[in-house]
Amino acid sequence: DDLDEKEEYIDSDLVLGGIRQILKTHSRLVLPFLIPQLSARPLSMFCAQALSSLSQVLGNGFYRYIEDVTYAFIETIEAEAENGNTPRRNEFLDHAAQLNANLNQDSVHALVSTLCEVVQNPKISDHAHDKLAAVELIGSFCKDTKCDLQHSLEGLLQAPISMLNHTEVAILKHSVVAIAAGVKHIPKNKTSDYIRFLKEVIREVTHDQNGDQYIFELPGLNQRGALRPFIPLLTEGLMKGNEKTKELAASTLGTLVSLTAPTALNPYVMLITGPLIRMASEQFSEHVKLAILKALRLLLMKCGPRVKAFFSALQTTFRKALRHKSEAVRKETILGLDQMMRHNPRVDNVVQDLITQVGKEEQANVKASLLDALTAVLSHKPTGA
């Protein structure tokens, strides 16, 4: 029996070696006959191994077969998962990932379209195994490919981001992995475009067709490391972008903060708060100021105690913003100050500072805002103190 198995293994290896040599010179002639045989359902382990083994010599014409081959793998992976055969399921997945990693540039669009279709097709929304396989393959492809993904990157990011509200923990975890791998392909000169894209995709996930928000916490963002891929992109836009990009970056940071549970947000408070405070002290338009102040207020609401290290800097930031010419900016500042004082025992210092400002202020509208801020702060002064 052992000898038979060894002979079968040797025969398979010889066959694949022979096919590989033929494909190197005649791939376009051989593929129409070979690929339908190798991707026939049900997909055998030998055929899966053959596809991954031959992937480097399949040539430019293989793009015509990507959709069918990808579905063959996903259907097989799904079947093995439903049968509870995890080792075989993972082995098929590994062969698919190896095949994808070796694809030529002209096959990228077909692969990405197929994987995104599996993830986002509502007709199969109740099937978790196929979506999980597709998200895993997106992550491995982004990690291992040498191809230029510039024209397919939006799809590769949108698919896993759309899964951040899924009920299956495995899908959430692998969506986070796929997003992290995809974000690394964003060109430095396209930061603004992808911040805008990220904001739009998150809105699609959290709002219904009428534009009303119905999801207020994304479970995927509560997974370990989920926020990590987004923060460098957004802080880059906040610190170095033009005014529109700064506004988008601050607004998107605020959105992510609002959609993340405090416990998951805590590890990133320092990374987010510092850049926001630095930018808040600069002279920007009303819209940029509002976006930054709102993001800071949301951080204080979610993780007030963790922001304590920044209270002194925040007090200075709010002090300056209370004198801004925009009423909307002053109102947002009062809301932020109110949130900070819920966690700041040094009420007397802030009260005295505001009283001094009120006494010196000559503009009636700014003085009114200072008095409103004083009222908000006094509401946190202990009774009888």
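**A helix pair and its surroundings**

Modeller: Helix 11 (residues 243-258) packs with helix 13 (residues 269-280) at an angle of about 145 degrees, and their axes are 12 Å apart. The crossing in which helix 11 passes helix 13 is left-handed. On the side of helix 11 the contact is made by Lys246, Ala250, Leu253 and Val257, and on the side of helix 13 by Ile272, Leu276 and Met279. Sorted by class, this contact has six nonpolar residues, no polar ones and one charged residue.

Some conventions apply here. The model is predicted, so local features need pLDDT of at least 70 and side-chain atom pairs count only at pLDDT 80 or more, while totals for chains, interfaces and linings use all residues. Residues are numbered from 1 along each chain as its sequence is written, and side-chain values use heavy atoms, with hydrogens and water left out. Helices are DSSP runs (H or I, at least four residues), numbered from the N terminus, as are strands (E, at least two). Axes are lines fitted to C-alpha atoms, for helices over the stretch in contact, with angles from 0 to 180 degrees between N-to-C directions. A crossing is left-handed if the near helix is turned anticlockwise from the far one by less than a right angle, and right-handed if clockwise. Contact means heavy atoms within 4.5 Å.

A second pair may be set beside this one. The axes of helix 16 (residues 327-341) and helix 18 (residues 364-378) cross at roughly 20 degrees and come within 9 Å. Helix 16 is therefore roughly parallel to helix 18 (angles under 35 degrees). Here the crossing is right-handed. Arg330, Ile334, Leu337, Asp338 and Met341 of helix 16 meet Asn365, Val366, Ser369, Asp372, Ala373, Ala376 and Val377 of helix 18. The residues of this contact comprise seven nonpolar, two polar and three charged.

Helix 5 holds Val118, which is buried with a relative accessible area of 1%. The C-alpha atoms of Val118 and Met45, 73 residues apart along the chain, are separated by 22 Å. Helix 8 holds Ala180, which is partly exposed at 27% relative accessible area. Between the C-alpha atoms of Ala180 and Thr245, 65 residues apart along the chain, the separation is 21 Å.

Aromatic rings come next. Two aromatic pairs are found in a search of the whole structure. In one, the ring centres of Phe62 and Tyr65 lie 6.4 Å apart with planes at 35 degrees, so the pair is tilted. Phe62 counts as buried at 1% relative accessibility, and Tyr65 counts as buried at 18%. The ring centres of Tyr194 and Phe197 lie 6.2 Å apart with planes at 80 degrees, so that pair is edge-to-face. Rings pair if their centres lie within 6.5 Å; planes under 30 degrees apart count as stacked, over 60 as edge-to-face and the rest as tilted. Tyr194 and Phe197 both lie in helix 9 (residues 191-206), three residues apart, about one turn of the helix, and both are buried.

Finally, a cis peptide bond, with omega about -10 degrees, joins Arg41 and Pro42. Pro42 lies in the loop between helix 1 (2-38) and helix 2 (45-53).

Technical notes:
Parallel < 35°, antiparallel > 145°, perpendicular 65-115°, else oblique. Nonpolar A, V, L, I, M, F, W, Y, C, P; charged D, E, K, R; others polar. Phe/Tyr/Trp six-rings, centres within 6.5 Å; stacked < 30°, edge-to-face > 60°. Buried < 20%, exposed > 50% of the residue type's maximum accessible area, 1.4 Å probe, protein only.
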